[in-house]
Amino acid sequence: MTIAQPTDAASSRTGGDARRRDWRLLPPLGMGLVLGYLVLVPLALMILSSFRPGGFPLDPGFTLANYRAAYGDPGFPSLLWSTLIFAIGSTILALVLGTGLAWLVERSDMPWRATVRALVLLPMATPPILLAIAWAMLLSPRTGFLNQLLQGALGLGSAPFDVFTMPGLIFVQGLALVPTAYLFLAPAFRNMDPSFEEAAITSGAGTALVIRRILLPVLWPPILAAAIFLLIVSFVVFDIPGTLGTPAHISVLSTRIYNLVVESPGGIPLYGRVSALAMVFLAILLVLAGVYHRLTRHAQRYRTVTGKGFRSRVFALGRRGRRAALAAVIVYFLLSVVAPLVILLWTSLMPYRIGISAAGLSLMTLDNHRDFLTNPRVVAATRHSLVIAIVAATAVAILAFLVAWLTTRCRAPGGKILDTLAFLPVAIPGVMIGVALVYVYLTLGAVIPIYGSIWIIAIAYVTQYLPFGSRTTQGVMLQLHPELEEAALASGADTWRVLRRITLPLVWPALAAVWIWVAAHSLRELSSALMLQGRDNAVIPTLIWDYWSGGEPTHMAAGGIWLTAALIVFLLLWRLLARRTALEREA
């Protein structure tokens, strides 16, 4: 029997197909290597270090002593309980306030809704460390301005409030998270089809019953997603627990890790114990991140917006209800923005720390601001902060775009793995990222000598903010119809030309918004920078921390005012670009 041999044309065609498959694998493989280096290598070295006697990945030996020391510590149950209480309490407070604010702005007839909608993200311009310091000045039991004011007005013998308690920590952290909760829930309230509510009202249901039986069940998925995200954030923050919890000896995970590294009893960082301690919390956070990832990836199952046109139903509050709602929103802005900024501005204009009073007006001076702006340390830290913010924001925007393009447009092999790797850092606390990068660049110091430089902080920020960038960019790409790209490909354009001439211009406003958001958060991030701080890589947040912990509140306040002003500019730009993106999406 004669076996037919393939013709030259068939062989050429088969070889061409194989080469195309090989080329198709290169982009996801390259991206996988980059993401693996950013995410998996630090995690692997952290796990390895937890089993090393000396706490470093390349140390000889294998031991469980670090786990015995971490979990056999009599204070571990208290640490676990405090972390849970802080995270859950902050999440509940932020979710209640954020849900109420989103409902009032998007679904009620509260006065000045457009103004409130424009200002609702303003609290994000106040870094958490400054919010914590401001409330320490306002509600300290000994010197807090509001406590002194209430004691004098009500004739109280002792301070009515103490911010250096667990309820105080939860209050400040909850305030800091309200804008994030609002960002999650406002679109869900705004885009909900009103036919469900109209049917219930036609059947005789009142407002309270409609909210309880219609709104909440339909909005349960986004509310649950917001709750899980806020819980993850509350588990990993350092700024507020470090500022308010440390003086009161209230420890949570992030502050315990900081103390074991920076303020260990023997003066030597206990990296092995830190890594062992991080494992149980990392497992909890990874489970939460997995649930959140599943909820957000399958959010289309719960869509109530259809192709038909509609306008959301506005709930009538009545005259008293409108006044009460507006008053509640004003109180929120007073607590989250006005009061903290006023006390910081006052302190920045004083020669020493003094409460707000008429007598203090004669002491006002701009010396703190002049000293801050002309201090060589501040100039260097400002330069470092700007370079880090630009590098981190640019890297996140590029990586987020490529990940979104590969997973949503190219349907590249391994797309789910890329998506998971890009999202995984959301479960890693900033202090853990800092410690993990210490392992990486002490281990690779001879090859990549960036330990103690600004570049190691930039890499930490890229890892930390990549989940936000990838999620935002993927969401925009999923909402863009691929017909323009398909038409270009059918006309003979190659993939890279379509990417450059069509896909990138369509996604550009969203990428610009991601860039500004990451740059702004890089300017205010403390925890990672604090863990990676060296002699020559100080940034503005670590400088503010040093001023506060070093007993220089007036210089700290001056720096905080300038940092907040810069963040307000970034926030306004982000808001404008986000609005432009939304308008283009609707067009």
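# Helices and buried rings: a quick tour

Okay, let's start with helix 5 and helix 23, which come out roughly parallel to each other. By the rule used here, angles under 35 degrees count as roughly parallel, over 145 as roughly antiparallel, 65 to 115 as roughly perpendicular and the rest as oblique. What you're looking at is a predicted model, where local features need pLDDT of at least 70 and side-chain atom pairs count only at pLDDT 80 or more, while totals for chains, interfaces and linings use all residues. Residues are numbered from 1 along each chain as its sequence is written, and side-chain values use heavy atoms, with hydrogens and water left out.

Back to that helix pair. Helix 5 covers residues 128-139, and helix 23 packs against helix 5 at an angle of about 20°, with the axes 11 Å apart. Axes here are lines fitted to C-alpha atoms, for helices over the stretch in contact, and angles run from 0 to 180 degrees between N-to-C directions. The crossing of these two is left-handed; that's when the near helix is turned anticlockwise from the far one by less than a right angle, and right-handed is the clockwise case. Who meets whom? From helix 5 we have I129, L130, I133, A136 and M137, and across from them in helix 23 sit P541, I544, W545 and W548. Contact means heavy atoms within 4.5 Å.

Let me zoom out for a second. The protein chain has 24 helices and zero strands. Both come from DSSP runs numbered from the N terminus: helices are H or I, at least four residues, and strands are E, at least two. Of the 587 residues, 50% count as buried, and buried means under 20% relative accessible area, exposed over 50%, partly exposed in between, using a 1.4 Å probe and protein chains only. Among contacts between residues at least 6 apart in sequence, 77% join residues at least 24 apart.

So what's inside? The largest nonpolar core holds 175 residues, and L101, L244, I257, L277, M432, V435 and M556 touch the most other members. Such a core is a set of buried Ala, Val, Leu, Ile, Met, Phe, Trp, Tyr and Cys residues joined through side-chain atoms within 4.5 Å. Take L244: leaving out residues up to four places away in sequence, L244 touches A132, A136, V163, F164, L169 and V172.

Now, helix 23 again. Seven of its ten residues are buried, and those are I540, P541, T542, L543, I544, W545 and Y547. Just past the end of helix 23, G551 takes a positive phi of about 80°.

On to the aromatics. How many aromatic pairs does a search of the whole structure find? There are 14. Rings of Phe, Tyr and Trp (its six-membered ring) pair if their centres lie within 6.5 Å; planes under 30 degrees apart count as stacked, over 60 as edge-to-face and the rest as tilted. F238 and W545 make a tilted pair, 5.5 Å centre to centre with 50° between the planes. F238 sits in the loop between helix 10 and helix 11, and W545 is in helix 23, so this pair ties together parts that are 307 residues apart in sequence. Both F238 and W545 are buried.

Then there's Y465 with W517: ring centres 5.8 Å apart and planes at 90°, so that one is edge-to-face. Y465 belongs to helix 19 and W517 to helix 21, 52 residues apart. Y465 is buried at 7% relative accessibility, and W517 is buried at 13%. Ring pairs also link F51, F62, Y67, Y71 and F76 into a cluster.

For contrast, look at helix 3 and helix 10. They pack at an angle of about 140°, with their axes 8 Å apart, and are therefore oblique to each other. This crossing is right-handed.

Most residues other than glycine have a negative phi. W112, though, has a positive phi of about 60°; W112 lies in the loop between helix 3 and helix 4 and is exposed at 59% relative accessible area. H249 also has a positive phi of about 60°, in the loop between helix 11 and helix 12, and H249 is exposed at 73%.
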